[in-house]
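Have a look at the sequence and the model first, and then we can walk through them together.

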Amino acid sequence: TIAFLIAAAATGTGGRIERRLGAQAATAVVAGILLILTILLIAVVTRFREIQIIPSQRYGTNVLSGPENEWKPVIIGNPSGTTRRMSILELGNMTRWKEIRRRNRLTGLEGY
């Protein structure tokens with residue numbers, strides 16, 4: 001329902017711009033808006049920050065070996081290193097990577 005209202009508003013605005021500026025200029029305005037939105041999407045999705053996921057002292061060892069009561073880090077899959085590149089969307093407090101870092105004692109928030 002909200003998407004329908006946004007689409008209706010965009011259609012009405014596009015028609016008003018086309019009548020005021022002409023078809024060619026209105027097409028250029030819409031293309032410019034789409035270009036800006038595309039650049040923003042690429043900026044949000046690009047992985048730019050290197051974050052440590054696995055504690056350095058446990059990397060390369062068999063984490064499942066050792067005494068039963070010993071702390072073992074959380075490892076998902078077969079990692080190729082101790083760090084991972086992350087985008088803005090993966091850096092939030094509610095992501096699975098934040099929980100993995102907390103359980104691996106890398107955030108300083110073990111007490112909560």
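This is a predicted model: local features need pLDDT of at least 70, side-chain atom pairs count only at pLDDT 80 or more; totals for chains, interfaces and linings use all residues.

## A pair within helix α3

Let's begin with Arg102, which counts as buried because its relative accessibility is 18% and the cut-off for buried is under 20%.

The salt-bridge partner of Arg102 is Glu99, with the closest N and O atoms 2.6 Å apart. Both residues sit in helix α3, three residues apart, or about one turn of the helix. Glu99 is partly exposed, at 28% relative accessibility.

The whole structure holds four salt bridges. One of them pairs Arg47 with Glu90, where the closest N and O atoms are 3.7 Å apart. This pair links distant parts of the chain: Arg47 belongs to the loop between α2 (23–45) and β1 (49–52), while Glu90 belongs to the loop between β2 and α3, 43 residues apart.

Glu90 also meets Arg84 in a salt bridge, at 3.3 Å from N to O. Glu90 and Arg84 are buried, whereas Arg47 is partly exposed, with a relative accessible area of 43%. For Glu90, the relative accessibility is 17%.

## Thr95 beside Glu90

Which residues does Thr95 touch, leaving out those up to four places away in sequence? They are Leu89 and Glu90. Thr95 lies in the loop between β2 (83–86) and α3 (96–103), and a polar atom of its side chain is 3.3 Å from the backbone oxygen of Glu90.

How values were computed
Residues are numbered from 1 along each chain as its sequence is written. Side-chain values use heavy atoms; hydrogens and water are left out. Helices (H or I, at least four residues) and strands (E, at least two) are DSSP runs, numbered from the N terminus. A polar contact is a pair of N or O atoms within 3.5 Å; within protein, one must be able to donate a hydrogen and the other to accept it, and residues adjacent in sequence count only if both atoms are side-chain atoms. Contact means heavy atoms within 4.5 Å. A salt bridge is a side-chain nitrogen of Lys or Arg within 4 Å of a carboxyl oxygen of Asp or Glu. Buried means under 20% relative accessible area, exposed over 50%, partly exposed in between (1.4 Å probe, protein chains only).
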